[in-house]
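Subject: Structure for you to look at

Dear colleague,

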Amino acid sequence: MTEPSPEQPDSKNNSRLTVIALAIAVGISLFLVFKEKPKPDKVAVSLPEFSESAKLGQKVFNRACAKCHGINAGGGEKAPSLISKAYAPGSHADGAIYFAITRGVRRHHWNLGNMPAQPKIKPDEIKALTAFIRETQKANGIYKPKPKAP
């Protein structure tokens, strides 16, 4: 048997390298798929004295959203706490809450899956729900509203 010339690579070595590279790629893929996905912390939520709108929003939230986001938005098994800087007005404006409820939203902060649209929540309830989230965020030091200019 003759040895391969430098111009002709050894096909057995190439096959072995291909199999090794493929095995490594499969191993990395399996690790990424099956590794434990990080979950956001649940938050102990302090509740303020709510405005009338936020009181209605709290009822709507605990009826329609708490099964995923936890009671009073403290976080749950399926969805994160909304009492987080990640969801403060500077990061997610009030319109983002509206669109998340009416259209749903793809996962973007946590590995908890997508949020489906919530068609049972009426438009007037969304405004109250937003007031509840913002007033609860403010009471928990998530943000401080900017003072209005004189």
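What follows is a short account of a helix, a pocket and some salt bridges.

Please keep in mind that this is a predicted model, in which local features need pLDDT of at least 70 and side-chain atom pairs count only at pLDDT 80 or more, while totals for chains, interfaces and linings use all residues. Residues are numbered from 1 along each chain as its sequence is written, and side-chain values use heavy atoms, with hydrogens and water left out.

I begin with helix α4, which covers residues 94–103; helices here are DSSP runs of H or I with at least four residues, numbered from the N terminus. Within α4, Ile-97, Ala-100 and Ile-101 are buried, where buried means under 20% relative accessible area, exposed means over 50%, and partly exposed lies in between (1.4 Å probe, protein chains only). Seen down the axis of α4, the buried residues fall within an arc of 90°, so they line one face of the helix; the arc is taken from the directions from the helix axis to the C-beta atoms. After α4 comes Gly-104, whose phi is positive, near 85°.

Next comes the largest pocket, which is lined by 34 residues, and of these His-69, Leu-82, Ala-100, Val-105 and Met-115 lie nearest its centre. A pocket is an open set of points on a 1 Å grid over the protein atoms alone, where a 1.4 Å probe fits, with protein on both sides within 12 Å along at least five of seven lines, and lining residues have an atom within 4 Å of a point. The largest share of this lining, 5 residues, comes from α4.

Finally, a search of the whole structure finds 4 salt bridges, each being a side-chain nitrogen of Lys or Arg within 4 Å of a carboxyl oxygen of Asp or Glu. One of them joins the side chains of Asp-94 and Arg-134 (2.7 Å, N to O). Asp-94 lies in helix α4 and Arg-134 in helix α5, so this pair ties together parts that are 40 residues apart in sequence. Asp-94 counts as partly exposed at 42% relative accessibility, whereas Arg-134 is buried, with a relative accessible area of 6%. Another salt bridge is formed by the side chains of Glu-52 and Lys-55 (3.2 Å, N to O), which are 3 residues apart in helix α2 and are separated by about one helical turn.

With best wishes

Note on methods
Helices (H or I, at least four residues) and strands (E, at least two) are DSSP runs, numbered from the N terminus.
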